[in-house]
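Welcome! Here is a friendly tour of one protein structure, stop by stop. Have a look at the sequence and the fold, then read on.

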Amino acid sequence: MGTWDIGPFDNDTAADFSYTVDEAPAAERADVLLAAFREVTDTGEDYLDADLAVEAVAAAALVAAQCPGGDPVTTAYGPEEPIPPLPPELRPAAVAALDRVLGKDSELLELWSESGEAGPWRAGVERLRTVLAGAAAGAGAAQAD
């Protein structure tokens, strides 16, 4: 995996994922993101492949960008096409995927640990998770009202 920085789109796999998102019709982009989350969470306790994890982190960044407190995705390696408003149901799926990425048997976490940059990378992923978890809780409370 060619990686040049710690951001969600700062590697070849995430840049390729951006192309996949761009190629999907606007109405199906949420499905592409959900599929990335499910690829990660459906691995159960199996060893999580780094490429799947990278795509889930990139997808989570796109969902978090639409949440209160989320950072916009402004990198040239992210999707070029606008992301339509995403359903709130993606937020808990993103949180579950990020939990798996940061958990045991995650090749991506292992690779970052070996690089010596695990701290800053992990902090970025945990920030995404915090934004998504807060937005998911807020969406759940709003639906209960």
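In this predicted model, Leu-33 touches Phe-17, Val-21, Ala-59, Leu-62, Val-63, Leu-86 and Leu-90, leaving aside residues up to four places away in sequence. Leu-33 also belongs to the largest nonpolar core, where it is listed with Phe-37, Val-101, Leu-108 and Leu-132 as the residues with the most contacts inside that core.

**The nonpolar core**

- How many residues make up the largest nonpolar core? There are 45 of them.
- Six helices each supply at least two residues of this core: H1 (12–23), H2 (29–41), H3 (50–64), H4 (90–101), H5 (107–115) and H6 (118–144).
- The largest share comes from H3, which provides 12 residues of the core.
- As background, nonpolar side chains tend to be buried together in soluble globular proteins.

**Two aromatic pairs**

- Searching the whole structure turns up two aromatic pairs.
- Trp-4 and Tyr-77 make a tilted pair, with 4.7 Å from centre to centre and 50 degrees between the planes.
- This pair joins distant parts of the chain: Trp-4 sits in the segment before H1, Tyr-77 sits in the loop between H3 and H4, and the two are 73 residues apart.
- Trp-112 and Trp-121 form a stacked pair, 5.8 Å centre to centre with 10 degrees between the planes.
- Trp-112 has 11% relative accessibility, so Trp-112 counts as buried.
- Trp-121 is buried too, with a relative accessible area of 4%.

**A closer look at Trp-121**

- Trp-121 is placed in helix H6.
- Which residues does Trp-121 touch, not counting those up to four places away in sequence? Its contacts are Ile-6, Val-101, Leu-102, Leu-108, Leu-109 and Trp-112.
- Two of these contacts, Val-101 and Leu-108, are also listed among the residues with the most contacts inside the largest nonpolar core.

**The largest pocket**

- The volume of the largest pocket is about 340 Å³.
- Its lining has 23 residues, and the closest to the pocket centre are Gly-7, Pro-8, Ala-61, Asp-71 and Leu-128.
- H3 and H6 each supply at least two residues of this lining, and H6 gives the most, with seven residues.
- Sorted by class, the lining of the largest pocket holds 14 nonpolar, six polar and three charged residues.

**Cavities inside the model**

- The search of the whole structure finds two cavities of 30 Å³ or more.
- The largest cavity contains about 70 Å³ of space.
- Which residues lie nearest the centre of the largest cavity? Of the 11 residues that line it, they are Gly-7, Asn-11, Val-54, Trp-112 and Trp-121.
- The elements giving two or more residues to the lining of the largest cavity are H3 and H5.
- The lining of the largest cavity has eight nonpolar residues, three polar residues and no charged ones.
- The second largest cavity has a volume of about 30 Å³.
- Val-63, Gln-66, Cys-67, Leu-86, Pro-87, Pro-88 and Arg-91 line the second largest cavity, a set with five nonpolar, one polar and one charged residues.
- Val-63 and Leu-86 in that lining are also contacts of Leu-33.

**An exposed proline**

- Pro-85 lies in the loop between H3 and H4.
- Pro-85 is exposed, because its relative accessible area is 75%.
- Along the chain, Pro-85 and Trp-112 are 27 residues apart, and their C-alpha atoms are separated by 32 Å.

Terms used: Residues numbered from 1 in each chain as written. Predicted model: local features only at pLDDT ≥ 70, side-chain atom pairs only at ≥ 80, totals over all residues. Heavy atoms only, no water. Core = buried A, V, L, I, M, F, W, Y, C linked by side-chain atoms within 4.5 Å. Buried < 20%, exposed > 50% of the residue type's maximum accessible area, 1.4 Å probe, protein only. Helix = DSSP H or I, 4+ residues; strand = E, 2+ residues; numbered from the N terminus. Contact = heavy atoms within 4.5 Å. Phe/Tyr/Trp six-rings, centres within 6.5 Å; stacked < 30°, edge-to-face > 60°. 1 Å grid on protein atoms, 1.4 Å probe; cavity = no way out; pocket = protein on both sides within 12 Å on 5 of 7 lines; lining within 4 Å. Points joined across faces, edges and corners; volume = space filled by probe spheres on them. Nonpolar A, V, L, I, M, F, W, Y, C, P; charged D, E, K, R; others polar.
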